[in-house]
Amino acid sequence: MSMPFGYASPEQIMRDKADYARKGIARGRSVVVLQYVDGILFVAPNPSRALHKISEIYDRIGFAAVGRYNEFEELRLGGIRYADINGYTYDRSDVTGRGLANLYASNLGRIFTESIKSLEVEVVVAEVGETKDGDAIYRLTFDGSVFDEHGFAAMGGQAEAVAGRLKDRYRESMSLADALEVALAALTEPGGERPPVGQLEVAVLDRNREHRKFLRLTGARLERLFAQTTSTPPAATPPPAGETPSSGDAPTGPPPTGPEGDVDDGSSPL
């Protein structure tokens, strides 16, 4: 029996859809989510003031996403409707991050399997608990896979490189300023410049807040926090008038010279 014209195996179709989604997600900018002593911090380079990559879903639950804005915005709105209906029908405490992650995983997996085009999105659902042991961070990929992350998560852009820098710098029970410092260092390429404060989207789930734990950090509050992450070395104290700096045990003789010749001194979707 001959194969029909244009036949492709199911395995090849799935691989093609997965490659297509990965390429679309990688064109965006990375998002970092990590725990700190009082809750969970979200950081994303985002020059837009209207299109948010980080949002609140419910009292203790936050949402972050990368990829196509129209696709993950539909997921966000669906999550809000799910949380509101279940919180009203049953109890607000019955709305959990795990339940929301399971809902997203089901929808993403069904779309990936049944639709011609998969969603070009990656999502993090985070829930803050009464203590740090109750915090939860779930990362969901375009095919509905769920990853229970511990401490931190990175997605979008050069996610593997960002996650590697996060792993090297992350430590438990950091202050908010230290956590922001770690997030910015992870989002910045080696030798590159950090994004200005005006192009950052930053939010927290603060367990010490009453009722609604989500808080977006903007304006002067974010500027003060950003300034705390910028450490400057202390200026050298000039010697008193009439004294010359001590040379210590420096060898005498002509100063060293460099080698002859010239000296070599050396960037979408959301």
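Is F152 buried or exposed? In this predicted model, where local features need pLDDT of at least 70, side-chain atom pairs count only at pLDDT 80 or more, and totals for chains, interfaces and linings use all residues, F152 has a relative accessibility of 17% and therefore counts as buried (under 20% relative accessible area; exposed is over 50% and partly exposed in between, with a 1.4 Å probe and protein chains only). Residues are numbered from 1 along each chain as its sequence is written, and side-chain values use heavy atoms, with hydrogens and water left out.

We turn to the sheet. Five strands form an open sheet in the order 8-1-2-9-10, with antiparallel pairing; strands (E, at least two residues) and helices (H or I, at least four) are DSSP runs numbered from the N terminus, and two strands pair if DSSP finds at least two bridges between them. Strand 8 (152–155) and strand 10 (214–217) are the edge strands, each with a single partner, so one side of each has no neighbour in the sheet. From one strand to the next, the twist averages 15° (axes are lines fitted to C-alpha atoms, for helices over the stretch in contact, and angles run from 0 to 180 degrees between N-to-C directions). Four bridges join strand 9 (residues 200–206) to strand 10 in the antiparallel sense, and V204 stands opposite L215 of strand 10.

Two helices pack on this sheet. Helix 4 (residues 159–169) touches strand 1 (31–36) and strand 8, and its direction makes about 160° with that of strand 8; contact here means heavy atoms within 4.5 Å. Helix 5 (residues 176–187) touches strand 1, strand 2 (39–45), strand 9 and strand 10, at about 35° to the direction of strand 2.

Next come the rings. There are four aromatic pairs (ring centres of Phe, Tyr and Trp, the last by its six-membered ring, within 6.5 Å; planes under 30 degrees apart are stacked, over 60 edge-to-face and the rest tilted). In one of them, F112 and F142 have centres 5.7 Å apart and planes at 55°, so the pair is tilted. This pair links distant parts of the chain, 30 residues apart: F112 belongs to helix 3 (residues 97–114), and F142 to the loop between strand 6 (136–140) and strand 7 (146–149). Both F112 and F142 are buried. F152 and Y170 form another tilted pair, at 5.4 Å centre to centre and 55° between the planes. Y170 is buried, with a relative accessible area of 18%.
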